[in-house]
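Work through the exercises below with the model open. Try each task before you read its solution.

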Amino acid sequence: MIIISIFIAGSVATFAKLYPKMKPYEYGFRVFLITFCFVMVSGYKTGEFIHTAINRFVLILLGAAVSLVVNTCIYPIWAGEDLHKLIVKNFMGVAKSLEGCIDGYLSGFELERVPSKILTCQAADDPVYSGYRSAVVSATEEETLEGFASWEPPHGRYKKMKYPWKQYVKVGGALRHCAYMVMALHGCLLSEIQAPIDLRQVFSNELRIVGCAGANVLRELGNNIDKMKKLKGGDMLDQVHKAAEELQKKIDARSYLLVNSESWVIGSRDDYIHGPPLVESDDVDQLKDEEEGGDQIGNLSLSSGADHVMVNVLSKSWDCEGSHFGAVSSVTADNTSTGKVFNKQRSWPSRSVVDLELSIDREEKTLESARALSVATFASLLIEFVARLDNLVNSFNDLSVEANFQDPPADILTPFPFSESSKGIFQRLLKLFKLQG
């Protein structure tokens, strides 16, 4: 009977705390389950269930009182304060990582090998990586601290009843949404295909302005959360939006540097919007011959109507050494020194052995086009980061209103230098007219 009762109580408590609304009371379910098991086992031996339950209840109240006095009066440990500091720290870390990505990309930073800790999302010595990693992996910690902070009484700077700790979690989620873009920008630094440094310098001014403006927005939001102040009047995103627009205009004006003009298909934009591009019959036959020859990078699939051709480029396996610019894959005798022989995978793009010179020329053009296009990838990720700042600012405004942050100091207007003198002249004229009247 005791085993069945404990099993039923444990099952009910376990499934009840899985309900989302019951998640804050998980510790209460745990205490109830321990108390129930203790009373059932002890009461079975002594036969005094009520006396055992009362003693257990008194001990729980005594322990709760001691813990409350120690944590609030002697050595206070506030989960809300820890949550507040964690959000501010994440803001500063993401801002530092954003500036590090821009500086590293424009300076031609390149790693021969990506550290394994970064690949597995572990703590590493890279300052750019460690800056945004805290914001990316802190979702569980923020929810845990919010759960504990919701039980805390008003204290310190958080004197409002039912303080909106959930808004801190929402701000952290919006910041994490931006940190993913910084993580993608850092991935461009660690990518195998890198743009030439001279091509990066073409857009260096615009990229640096957008990065600095975005980092300033993050730092200003972090400082305002730290000081618990509302934003000043005006649109704080105006500068970063204008910088992003200038970057987009620069990309539009220099788009010919990012694509291979030799492969352009002459046609109007409406042809691609209202229907697929048309291909001459000679081109279709040529594509069929190249597909049968086996020297295409991807698959050429012809539609059943034979009115257009879809080219689906499929990349080959990546080089196991981490480089896509090696020669034809082969296994040498040196690989057998370790006792294990691995078949080296083909690097991208693949090279046909039938016509080596033509294949080398095609590979060089493909790599040149991919390197140039990586600049557009980096710029588009940076523009997407700017677009995600809107949601972050809105989340901060909601937090500042619900938490009653301080209003920003009003700008003191300096009176005109002639205001006092003009006031005196008018008073004198008024007195003169009164005297004459």
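**Exercise 1.** What does the accessible surface of the protein chain come to, and what share belongs to carbon and sulfur atoms?

*Solution.* Start with the source. This is a predicted model, where local features need pLDDT of at least 70, side-chain atom pairs count only at pLDDT 80 or more, and totals for chains, interfaces and linings use all residues. Residues are numbered from 1 along each chain as its sequence is written, and side-chain values use heavy atoms, with hydrogens and water left out. Now the surface: it comes to about 28,400 Å² (Shrake-Rupley method, 1.4 Å probe). Carbon and sulfur atoms hold 59% of that surface.

**Exercise 2.** Find how helix 1 and helix 2 cross, and name the contact residues.

*Solution.* Step one: locate helix 1 at residues 2-16 and helix 2 at residues 26-46. Helices here are DSSP runs of H or I, at least four residues, numbered from the N terminus. Step two: their axes (lines fitted to C-alpha atoms over the stretch in contact) come within 10 Å. They cross at roughly 175 degrees, on a scale from 0 to 180 degrees between N-to-C directions. Therefore helix 1 is roughly antiparallel to helix 2 (over 145 degrees). Step three: list the contact (heavy atoms within 4.5 Å). Helix 1 brings Ile2, Ser5, Ile6, Ala9, Gly10, Ala13 and Ala16. Helix 2 brings Phe29, Leu33, Phe36, Cys37, Met40, Val41 and Tyr44. Step four: sort these residues into 12 nonpolar, 2 polar and no charged. Nonpolar covers Ala, Val, Leu, Ile, Met, Phe, Trp, Tyr, Cys and Pro; charged covers Asp, Glu, Lys and Arg; the others, Gly among them, are polar.

**Exercise 3.** Is leucine 247 buried or exposed, and which residues does leucine 247 touch?

*Solution.* Go to helix 11, which holds leucine 247. Its relative accessible area is 0%, so leucine 247 is buried (under 20%; exposed is over 50%, 1.4 Å probe, protein chains only). Leaving out residues up to four places away in sequence, leucine 247 touches Glu206, Leu207, Val210, Ala379, Leu382 and Ile383. Take glutamate 206: 41 residues away in sequence, yet 5.2 Å away in space, C-alpha to C-alpha.

**Exercise 4.** Where do methionine 228 and asparagine 404 lie, and what is their phi?

*Solution.* Recall the background first. Most residues other than glycine have a negative phi. Methionine 228 has a positive phi of about 55 degrees. This residue lies in the loop between helix 10 and helix 11. At 8% relative accessibility, methionine 228 is buried. Asparagine 404 also has a positive phi of about 55 degrees. Asparagine 404 sits in the loop between helix 14 and helix 15. At 54% relative accessibility, asparagine 404 is exposed.

Technical notes. Helix = DSSP H or I, 4+ residues; strand = E, 2+ residues; numbered from the N terminus. Parallel < 35°, antiparallel > 145°, perpendicular 65-115°, else oblique.
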